Amino acid sequence: MTGTPHLIGLLLGTEEDWPRAFETILGRLGPITGVGGERHVFTSERITIEPFNLRARPRHDLVIDRLAYWYYQPREWLKKVSMMNSVYLLNSPFTFQSMEKHTAYCAMMRLGLKVPETVLVPYKNPVDNDRYAYTASKYNQPFDLDALAERIGYPLFMKPFDGGGWRGVSKIRNPAELHAAYDASGEMLMHLQECIDFDVFARSLSIGPETMVMRFQPDQPMHRRYQVDHNFLSPEVGAEVVTIGRLVNAFFRWEFNSCETLIKGGEVYPIDYANACPDVALTSLHYYFPWAMKALVKWCVFALATGRRAKLDLETDRFFEAADAPGASYGEKLGAYRQLADAYFETDRYEDFCASSLAHVDDVVLDWVASPDFDDLLVQTVRSVYPAHEHEQFTAHLRGLITLWVDDESTRLRT
Ligand SMILES: Nc1ncnc2c1ncn2[C@@H]1O[C@H](COP(=O)(O)OP(=O)(O)OP(=O)(O)O)[C@@H](O)[C@H]1O
Ligand SMILES: [Mg+2]
């Protein structure tokens, strides 16, 4: 079948589960017809790491990046192909490299969101630089760590300014724990943050203009953290959580990201929303995995078929204007942010495109997830993640949740 070809590159680390799902769904989807009647053909390819000439033209039109947050040679390749060749990136290292958790806190505070009180403290250990001793003796102010903690109040959280993967996060209950954690922080740069004693934890995964808000239980083992629960938030709080996730993403131009919010007494506190490589593992997302894979394929196909262009500048003034609107309430600001986010993600155009050009995607995904080929992926994934004596248990656990999704999705598509 002929049509405009589009090559999607996957820049991967150790993952095998979601790339195989993405490749399979894309292959089963086949060529699609755009809104103007034109044909588009999609293929994907795993990107390999090799020397590159800065003037070389890449073959890829879009890249999903899961590697550049720790592997810098491909990160520089991404920046080159974005800057020079307009390759569309999920996500752009231009903002993820410089705007990590700390900057995201600042941005969302600037927009009036309920980010918990947060203080950044200087490094515990000297910075490894010949000039440090002189500079520190001249300019570093002594500070009272205990007084800072008391002002925030116990318990509080100490965690790295650029956190991820729970590295260096601790809950601090008293001055002894405070000093122990600070001493242990070494060369990490730490935040002290007010603890929110939350009623529920909502973790939302967004891909383009689609968001799945999931009930999250951080104290559970990985395979039980996401609870299948469709009504754990009131409609108003649910809408607020969705808006916050989309706002973060539209603000930073992140298109594949997760956002963690803590809900207490109906108030929504965002605590973590700069995840360059959000968790989409089959073993942790289970029931929600088919949704995530479908949304990822749909957004890539939409971006390529409609010729969506990535922007390198953030145009933050539009958000700041809404934040500074005289007399605007929190709810009114959220409404304005939602409009800006929907405009950024072209939500209406995306929905029309999905209805006309991707009408078959639901059936494609359901057929595949219900097939032996998906079950093989499930079994292989369990084998690669868990030790042999746990294979049977986790295969049964995951099969149960996937069967639940297949049943729910079959019902949804029939009604
Ligand atoms: N201010 C807070 N109030 C209550 N709990 C918090 C707060 N900050 C962090 N936590 C708890 O600590 C966990 C890890 O914190 P955070 O998400 O900021 O770090 P992280 O390194 O990004 O972790 P992950 O990669 O697992 O999301 C959260 O999932 C939450 O359970
Ligand atoms: Mg987190």
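Predicted model: local features only at pLDDT ≥ 70, side-chain atom pairs only at ≥ 80, totals over all residues.
In one of them, the ring centres of Trp 70 and Tyr 71 are 5.5 Å apart and the planes meet at 15°. The pair is stacked because planes under 30 degrees apart count as such.

## Phe 143 and Tyr 182

Phe 143 and Tyr 182 also form an aromatic pair, with 6.3 Å from centre to centre and 75° between the planes. This arrangement is edge-to-face, because the angle is over 60 degrees.

Which parts of the chain does this pair tie together? Phe 143 lies in the loop between helix H5 (132–139) and helix H6 (145–152), while Tyr 182 belongs to helix H7 (residues 175–185). The pair therefore ties together parts that are 39 residues apart in sequence.

Are the two residues buried or exposed? Phe 143 has a relative accessible area of 36%, so it is partly exposed. Tyr 182 is buried, at 8% relative accessibility, because buried means under 20%.

## An aromatic cluster

Some aromatic residues group together. One cluster is formed by Phe 96, Phe 251, Phe 252, Trp 254, Phe 319 and Phe 320.

## Arginines over rings

Two arginines are placed over aromatic faces. Arg 203 lies over the face of Phe 216, at 4.9 Å from the ring centre. Arg 308 lies over the face of Tyr 344, and here the distance to the ring centre is 4.8 Å.

Notes. Residues numbered from 1 in each chain as written. Chains lettered and ligands numbered in written order. Heavy atoms only, no water. Phe/Tyr/Trp six-rings, centres within 6.5 Å; stacked < 30°, edge-to-face > 60°. Helix = DSSP H or I, 4+ residues; strand = E, 2+ residues; numbered from the N terminus. Buried < 20%, exposed > 50% of the residue type's maximum accessible area, 1.4 Å probe, protein only. Lys NZ or Arg CZ within 6 Å of the ring centre and 35° of its normal.
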